[in-house]
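Work through the exercises below with the sequence and the 3D view at hand. Try each task before reading its solution.

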Amino acid sequence: MAATMSLREAIIKRVEDKNDAELQEVIQDSIGNAEVTLPGLGVLFEIIWQHSAAEDRQRMVKTLHDQIQNSSPNS
């Protein structure tokens, strides 16, 4: 019986041997690309979030909030 890999596992497997520059390229290539890349970015963000200090998480949330407010049609 063949083992099946979850989407999360497949995404991690795809990037696990990449160096910093290659990871940055994966992220840059995924941003603004087809929606099919969004789950991959979500998995990568999940890893970042889980391994970030509280102050870094707060900074990310503030950046996200500010950018959403700035791009809102009502702003």
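Predicted model: local features only at pLDDT ≥ 70, side-chain atom pairs only at ≥ 80, totals over all residues.

## Exercise 1: The whole chain

**Task.** Describe the elements of the protein chain and their order. Then set its radius of gyration against that of a compact globule of 75 residues.

**Solution.** 
- Step 1. Count the elements. The chain has four helices and zero strands.
- Step 2. The order is α-α-α-α.
- Step 3. Take the globule value. For 75 residues, a compact globule would have a radius of gyration near 11 Å.
- Step 4. Take the chain value. The protein chain has 15 Å.
- Step 5. Along the principal axes, the C-alpha trace extends about 55 × 30 × 25 Å.
- Step 6. Of the 75 residues, 12% count as buried.

## Exercise 2: Where α1 meets α3

**Task.** Work out how α1 and α3 are oriented to each other, and list the residues that meet.

**Solution.** 
- Step 1. Place the helices. Helix α1 spans residues 7–15, and helix α3 spans residues 38–50.
- Step 2. Read the geometry. The packing angle is about 80°, and the axes are 10 Å apart.
- Step 3. Apply the cut-off. Angles of 65 to 115 degrees count as roughly perpendicular. The two helices are therefore roughly perpendicular to each other.
- Step 4. List the contact. From α1 come L7, R8, I11, I12 and V15; from α3 come P39, G40, V43, L44, E46 and I47.
- Step 5. Sort by class. This contact of α1 with α3 has eight nonpolar, one polar and two charged residues.

## Exercise 3: Salt bridges

**Task.** How many salt bridges are in the whole structure? Which parts does the pair R8 and E46 tie together?

**Solution.** 
- Step 1. Search the whole structure. The search finds four salt bridges.
- Step 2. Take R8 and E46. Their side chains meet in one, at 2.7 Å from N to O.
- Step 3. Locate the partners. R8 lies in helix α1 and E46 in helix α3, so the pair ties together parts 38 residues apart in sequence.
- Step 4. R8 is partly exposed at 44% relative accessibility. E46 is also partly exposed, at 25%.
- Step 5. Take E16 and K13. Their closest N and O atoms are 3.0 Å apart in a salt bridge. E16 is partly exposed, with a relative accessible area of 43%.

## Exercise 4: From α3 into α4

**Task.** Decide how α3 lies against α4. Then decide whether S52 is buried or exposed.

**Solution.** 
- Step 1. Read the geometry. α3 and α4 pack at about 135°, with axes 9 Å apart. That makes α3 oblique to α4.
- Step 2. List the contact. F45, I48, W49 and Q50 in α3 meet R57, M60 and V61 in α4.
- Step 3. Sort by class. There are five nonpolar residues, one polar and one charged.
- Step 4. Find S52. It sits in the loop between α3 and α4.
- Step 5. Apply the cut-off. Buried means under 20% relative accessible area. S52 has 17% relative accessibility, so S52 counts as buried.
- Step 6. Find its contacts. Beyond neighbours within four places in sequence, S52 is in contact with R57 and M60.

Technical notes. Residues numbered from 1 in each chain as written. Heavy atoms only, no water. Axes fitted to C-alpha atoms, helices over the stretch in contact; angles between N-to-C directions. Parallel < 35°, antiparallel > 145°, perpendicular 65-115°, else oblique. Contact = heavy atoms within 4.5 Å. Nonpolar A, V, L, I, M, F, W, Y, C, P; charged D, E, K, R; others polar. Buried < 20%, exposed > 50% of the residue type's maximum accessible area, 1.4 Å probe, protein only. Rg over C-alpha atoms; globule rule 2.2 N^0.38 Å.
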